[in-house]
Amino acid sequence: MWSVDRMTGLERGERAEDTEERRGAEFQTRAGGEDTNWFPKENMFSFQTATTTMQAAFRGFVQRKRREREQDSAEVIQRNFRKHLRMVGSRRMKAQTFAERRSKSFSRSWSDPTPVKNDSQHDSGDLQASCGTLDEGGQDDNLDWEEEREMERLACEGDDFVPPKIMLISSKVPKAEYVPTIIRRDDPSIIPILYDHEHATFDDILEEIEKKLTAYRRGSKFWRMLIFCQGGPGHLYLLKNKVATFAKVEKEEDMSQFWRRLSRFMSKVNPEPNLIHIMGCYVLGNPNGEKLFQKLKNLMRPYSVEFGSPLELSAQGKELIELYFDFRLYRLWKTRQHSKLLDYEEFL
C-alpha cells in the first residue's frame, strides 16, 4: 500500500515538471518572435470561418447596392425615353392639326389693327353663302370693335387727356413696396399696380387693371404697359407656379386666356402699336425670348402690340427708366435693393 502511494506521488511530480517545462518553452518561443500567431491552434478554424463569412456578406451587400443603382438608372432612362416619345408624338399631332387649321382658314392680313371687313375678305358669293354663320360672327365682332373704339374715342376727347400707362409690379421683386414711391411725380398718367406674387391670380390682376383704368377715366385704355417682375432669358415669373414660357403659354389655357383678356384693355385708337415692356429680367437673352414675345403678339391679335425687354444699362433701358421713374430715386433704390439697411425716409 505504501509503495503504490509513493509511485502515484512520483508520477504527479513528473507531470507537473513536464507541464512547467512546456509552458516555459512556449513563453520563450513567443518572446523570441519565432511564432507570431498568438491565436490558439484549436480556435484558428472558427476564426477563419467567421472572417470568410463576414467578407462574403459584405461583398453581397456591395453587389446588391450596385444592382439597385443600375436598375434605378435603367428605369430613369426608360422613363425619359417614353416621355420623349410622347412629346414627339404630341408635336406631330399639333403640327398636323395646325396644318389642317391653316389650310381651312381664310387668308387675312394683320398689319392693320382693325379687323378686315367681310366684304373685302370674301369676294366670291358662293363662299359667302357657304360660310354664312362665320360671316355673321365676324359682323358681330366688327360691331363690337367699332362700338368699343367709339366709346374709347369719346372717353379720350379733350386736350387735357393723357393716355394712361399701366405699371404691374410683382411683390417677388426685392423691395417692391417702394417702387410706387420712385415713379415720376410729374406724370399722373402712370398707374402703379402692386400685386401679391404668392396669392394673386390672373383674374385678380385683370380686375385691378380694369378698376384703375375706370378710376383714371371711364372707358379709357392703356397705350403703354410696364411689367416689373422676375424672370430670365426666355421666361417670365408672373405668379407663383406660373412661369410664362413659349411652351407653357401655348399649353396652359389660363395663361393664354390672361394675355387675350389683357389685350382688351389696350387702346384701339392708338395710331401706333401699343407697347408692353418687361423690366427686372432680360427675356431676350436667348432665342426662346423672341419666340415667347411672338406667341404673345399672336394671342393678342387683332390688337397691335409690340414687346420690349431692354437691358437697364443700355441706352434704351435708360430711356425706359426715365419714362416711368425718377431717375435719381431709381438709382438710389437700385443700389439698396438687396440691402437690409434701407433708409425709408429717403424714398418719401
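A residue is called buried when its relative accessible area is under 20%, exposed when that area is over 50%, and partly exposed in between, with a 1.4 Å probe and protein chains only. By this definition Leu194, at 42% relative accessibility, counts as partly exposed.

The model described here is predicted, so that local features need a pLDDT of at least 70 and side-chain atom pairs count only at pLDDT 80 or more, whereas totals for chains, interfaces and linings use all residues. Residues are numbered from 1 along each chain as its sequence is written, and side-chain values use heavy atoms, with hydrogens and water left out.

## Confidence and overall make-up

The pLDDT, which is the predictor's confidence in each residue on a scale from 0 to 100, averages 76 over the protein chain, and 67% of the residues score at least 70. Over residues 104-138 the pLDDT is below 50, and this stretch has 29 contacts in the model beyond near neighbours in sequence, a contact being defined by heavy atoms within 4.5 Å.

The secondary structure of the protein chain comes to 11 helices and eight strands; these are DSSP runs numbered from the N terminus, helices (H or I) having at least four residues and strands (E) at least two. Of the 348 residues of the chain, 28% count as buried. Among contacts with a separation of 6 or more, 72% are accounted for by residues 24 or more positions apart.

Leu194 lies in strand E2. Leaving aside neighbours within four places in sequence, Leu194 is in contact with Ile169, Ser170, Ser171, Ala176 and Glu177.

Asp187 is found in the loop between strand E1 (165-170) and strand E2 (190-195). With 12% relative accessibility, Asp187 counts as buried. Its contacts, apart from neighbours within four places in sequence, are with Lys165 and Leu323. The side chain of Asp187 also takes part in the polar contacts listed below, where a polar contact is a pair of N or O atoms within 3.5 Å; within protein, one atom must be able to donate a hydrogen and the other to accept it, and residues adjacent in sequence count only if both atoms are side-chain atoms.

| Side chain | Partner side chain | Polar contact distance |
|---|---|---|
| Asp187 | Lys165 | 3.0 Å |
| Asp187 | Ser189 | 2.5 Å |

Lys175 is found in the loop between E1 and E2 as well. Although Lys175 is not a glycine, it has a positive phi of about 60°, and its relative accessible area of 21% makes it partly exposed.

## Other positions

Asn241 is not a glycine either, yet has a positive phi of about 65°. Asn241 lies in the loop between strand E5 (235-239) and strand E6 (242-244), and counts as exposed at 63% relative accessibility.

His277 lies in strand E7 (residues 274-279) and, at 15% relative accessibility, counts as buried. When neighbours within four places in sequence are left aside, His277 is in contact with Arg224, Met225, Leu226, Ile227, Gly308, Pro310 and Leu320.

Glu210 is found in helix H6 (residues 202-216), where a relative accessible area of 44% makes it partly exposed. Glu210 and Arg264 are 54 residues apart in sequence, and their C-alpha atoms are 10.0 Å apart in space.

## The cavity

The structure holds one cavity of 30 Å³ or more. On a 1 Å grid over the protein atoms alone, a cavity is a set of points where a 1.4 Å probe fits but cannot get out, and lining residues have an atom within 4 Å of a point. Grid points are joined across faces, edges and corners, and a volume is the space filled by probe spheres set on the points.

About 40 Å³ of space lies in the largest cavity, which is lined by Leu168, Tyr195, Ile205, Ile227, Leu238 and Phe258. This lining divides into six nonpolar residues, no polar and no charged, where Ala, Val, Leu, Ile, Met, Phe, Trp, Tyr, Cys and Pro count as nonpolar, Asp, Glu, Lys and Arg as charged, and the others, Gly among them, as polar.

Notes:
On a 1 Å grid over the protein atoms alone, a cavity is a set of points where a 1.4 Å probe fits but cannot get out, and a pocket is an open set with protein on both sides within 12 Å along at least five of seven lines; lining residues have an atom within 4 Å of a point.
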